[in-house]
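Work through the exercises below with the model open. Try each task before reading its solution.

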Amino acid sequence: MKDRFYITTPIYYVNDKPHIGHAYTSIASDVLARYQRLRGFSCYLLTGTDEHGQKVAKSAAKAGESTSSFTDRFAGNFLSMAERLNISHNDFVRTSEQRHKICAQAFWRRLEERGDLYDKLYKGWYAVRDESYYDASELVEGADGTRLAPSGAEVEWVEEPSIFFRLSKYRDALLSHYDAHPDFVLPRTRMNEVRAFVESDLWDLCVSRTAFSWGVSVPGRSNHVMYVWVEALTNYLTGLGFPDEGTPLFDYWPANLHMVGKDIVKFHAVYWPALLLSAGLELPRRIFAHGWWTNDGEKISKSLGNVIDPLELIASYGLDRVRYFLLREVPFGEDGNFSRSAIVRRSNEDLANGLGNLCMRVLTLVERGWNGKIPPRGELHDEDIELLETFRQAESLLQKRMDVCSFHLALEGIFGCLADADRYITRQAPWALLKNASGDGRDSSKDKVRAGTVLYVLCDCLRMAAIDLQSFMPASMAKLLDMLGVGDEARDFKSRATQLQEGCRLVDVQAIFPRLESQD
Ligand code: ME8
């Protein structure tokens, strides 16, 4: 039985169309899922949509549409975004599905049986945009003196009969969990924020609403719906068939990674573990909270009219350039600024000039000198061994970086190796060797054998780089591996340690990343 690995994306609110931020989280999760599969893990990737709560209900009402047809329409947009982004999810949970209702209600009963729920009137602040309760001490003053949530969202005063969860009871358990697992939340700065939040007064959490009905009803209390966050978090269990804990699918629990944006780390690193402790379930191994994209320096928001549509980007630049750009441009975990000129620059410098150019130089020489067959490898010189070793040893560094979601460093490492390969081809100048050999007229001449060895080494390095890059740019790297004649069965990390076969025929050689017109 293969080792299991379970990764989740947040489930996205269906109050609006998907934008680049949603695409970012899904792509990062997909890259990791593909990578773990290539390493031999049985990896389950879950994504989906968060369809209940006041925010979605209000958006549907504003659109003059019934909540169910509105949510169907927008959930459809998120599903098709996942398909267009080539996300390799194993399941897509919609919280409006019956299986989710069953899961969320069974989970609720566990909290109830534990004695962790009690009735109380909620009197306090609520931000619909964040679907979050705030203590007065957390609020900030807006430009016109109004009170706002720390996120900048408007807050409203709410008084309603509610059910509370004894969150404060779990304070010490949470803190000792953080102590025992300092990488529970990454990056570390986020772990520190989470700890500070829990160390300060941790209030009990209001977990039901009575002011509206668009949600999963509380078992036995039909005038209450579950607080949307509590219900939404249980989607990670719905995807594994909870409450049926006896199925092989449920063996994926606990999640290895909940991938989220930094805006929702509190829900995942404080509320969710406390709820799981109460329900008697294991805690996820890790939460990674990535940063925010801004657009030319401005926060992406509908009111500013600067929302970036991922589908439009794919249409303009091609999917793999977008996937590469998003994960290469900004250290994962930090905020980043999106600009079209940056995507063109990255694509041209790294993909067209770097990788694409090297591939074309190598493969056209192989076509010319060896009728498109991988040349035989002659005796290796020190510099050949050195380059091959650089690529071989890059794998363990790649693994270390992927294990902590350092995608930018992972890519930097791979492209660093490719830059070495570039310097090597310039120094070895196989084209000059080939020219000498053709003057000589003999296929077995020393120069021809040497040129063949140099090109063999380069093809083998390209094979390793393509295997490493597959999870980032699946379609283009599949094309490159096709061109190199590497079979489907030889594209994982186990096969990476083998060698390219001499005499194997190149297939359909073509440019993988043509240059883009500069937009400066
Ligand atoms: O919060 N930059 O859903 P949501 C980077 N339903 N990432 C961004 C981003 C930006 N500008 N904008 C959004 C919810 N994201 C809840 C989640 S999970 C049980 C429930 C990404 O539609 C980022 O991952 O508001 C963020 O956490 C998520 O979208 C929020 O999506």
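**Exercise 1: the ligand site**

Start at D263: one of its polar side-chain atoms lies 2.9 Å from an oxygen atom of the ligand. A polar contact is a pair of N or O atoms within 3.5 Å; within protein, one must be able to donate a hydrogen and the other to accept it, and residues adjacent in sequence count only if both atoms are side-chain atoms. This is a predicted model, in which local features need pLDDT of at least 70, side-chain atom pairs count only at pLDDT 80 or more, and totals for chains, interfaces and linings use all residues. Residues are numbered from 1 along each chain as its sequence is written, and side-chain values use heavy atoms, with hydrogens and water left out.

Task: find how many residues surround the ligand, and which are closest.

Solution. 
- Step 1. Check T25. A polar atom of its side chain is 2.7 Å from a ligand oxygen atom.

**Exercise 2: the domain interface**

Task: describe how domain 1 and domain 2 meet, using contacts, buried area and salt bridges.

Solution. 
- Step 1. Domain 1 is 4-291 and domain 2 is 340-496, from an automatic or database domain assignment. Their centres, over C-alpha atoms, are 43 Å apart.
- Step 2. Count contacts (heavy atoms within 4.5 Å). Domain 1 brings 14 residues, domain 2 brings 15.
- Step 3. Take the buried area, the accessible area (1.4 Å probe) that two parts lose on being put together, summed over both. The domains bury about 1300 Å², 70% of it on carbon and sulfur atoms. In domain 1, V31, Y35 and L38 lose the most, together 48% of what that side buries.
- Step 4. Search for salt bridges (side-chain nitrogen of Lys or Arg within 4 Å of a carboxyl oxygen of Asp or Glu). The interface has one.

**Exercise 3: salt bridges in the model**

Task: give the number of salt bridges, then examine D403 and R346.

Solution. 
- Step 1. The rule counts 35.
- Step 2. D403 pairs with R39, at 3.3 Å from N to O.
- Step 3. R346 pairs with E329; their closest N and O atoms are 2.6 Å apart. R346 sits in helix α12 (340-370) and E329 in helix α11 (319-329), 17 residues apart. Helices are DSSP runs (H or I, at least four residues), numbered from the N terminus.

Definitions and conventions. A residue is near a molecule or strand if one of its heavy atoms lies within 4 Å of it. Helices (H or I, at least four residues) and strands (E, at least two) are DSSP runs, numbered from the N terminus.
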